[in-house]
Amino acid sequence: MKAIVAVDLNWGIGFNNQLLERIPEDMKYFKEMTLGKTVVMGRETFESLPGKKPLKERKNIILTTNKNYFGEDMIIYHSLDKLLQEIKAHSQEDVFVIGGESVYSQLLPYCTEIYVTKIEKAYEADKYFINLDKLGWEKVYESEAKNYNGIAFRFTKYVKI
Ligand SMILES: NC(=O)c1ccc[n+]([C@@H]2O[C@H](COP(=O)([O-])OP(=O)(O)OC[C@H]3O[C@@H](n4cnc5c(N)ncnc54)[C@H](OP(=O)(O)O)[C@@H]3O)[C@@H](O)[C@H]2O)c1
């Protein structure tokens, strides 16, 4: 399993159930990385998507405890165990965990690579990703600095040692 996330200087990822920044090049990168794959997200993240619609051309898996939660073009699981069983049964599929905070932290132990977009600015945040540098993950790739409206950002890749 892989994860993909955009973090700020403090590993912040969201505020008021929204992203900290919408960087078009990062959105394009996220789309390219996940297209044709399985994406796993929490109910809050799903509801923060534009139009509350599943991501196109991807198998969308939503985690919620709400047994009455339904929607078109998505698969719903009500527990981590059930999700992990299903993922194991389809182990040939490329699975990306796409957030938010609670789902990243629960699935981090099952991830082997994480694609982290690092935004070199500190925002007001109420949701965070765990600091992979402190956890001993290895950064194996870092792009050159890119720029969006004066905000620097880089694409990086971490692997579990
Ligand atoms: N920067 C990034 O790359 C990035 C990416 C994604 C999201 N985000 C941000 O992250 C924030 C949302 O994170 P969040 O932690 O509040 O919410 P979340 O992880 O997206 O969703 C949490 C919800 O998922 C369901 N859930 C989680 N674990 C479950 C389990 N084991 N079994 C069943 N259901 C489970 C629950 O839904 P019910 O309450 O319905 O039971 C829970 O309330 C937003 O600010 C969003 O913008 C940032």
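Two bridges join strand S2 to strand S9, and the two run antiparallel; strands pair if DSSP finds at least two bridges between them. Helices (H or I, at least four residues) and strands (E, at least two) are DSSP runs numbered from the N terminus. This is a predicted model, in which local features need pLDDT of at least 70, side-chain atom pairs count only at pLDDT 80 or more, and totals for chains, interfaces and linings use all residues. Residues are numbered from 1 along each chain as its sequence is written.

The open sheet of three strands has the order S3-S2-S9, with antiparallel pairing. S3 and S9 (127-128) stand at the edges with a single partner strand each, so one side of each lacks a neighbour in the sheet. Within S9, Lys127 stands opposite Gly14.

Gly14 is also among the closest of the 28 residues that surround the ligand; a residue is near a molecule if its C-beta atom, placed from the backbone, lies within 6 Å of it.

Tyr69 lies in the loop between strand S5 (59-63) and strand S6 (75-77). Leaving aside its neighbours within four places in sequence, Tyr69 is in contact (C-beta atoms, placed from the backbone, within 7 Å) with Arg43, Thr64 and Ile76. The C-alpha atoms of Tyr69 and Arg43 are separated by 9.3 Å, and the two residues are 26 residues apart along the chain.

Key. Two residues are in contact if their C-beta atoms, placed from the backbone, lie within 7 Å.
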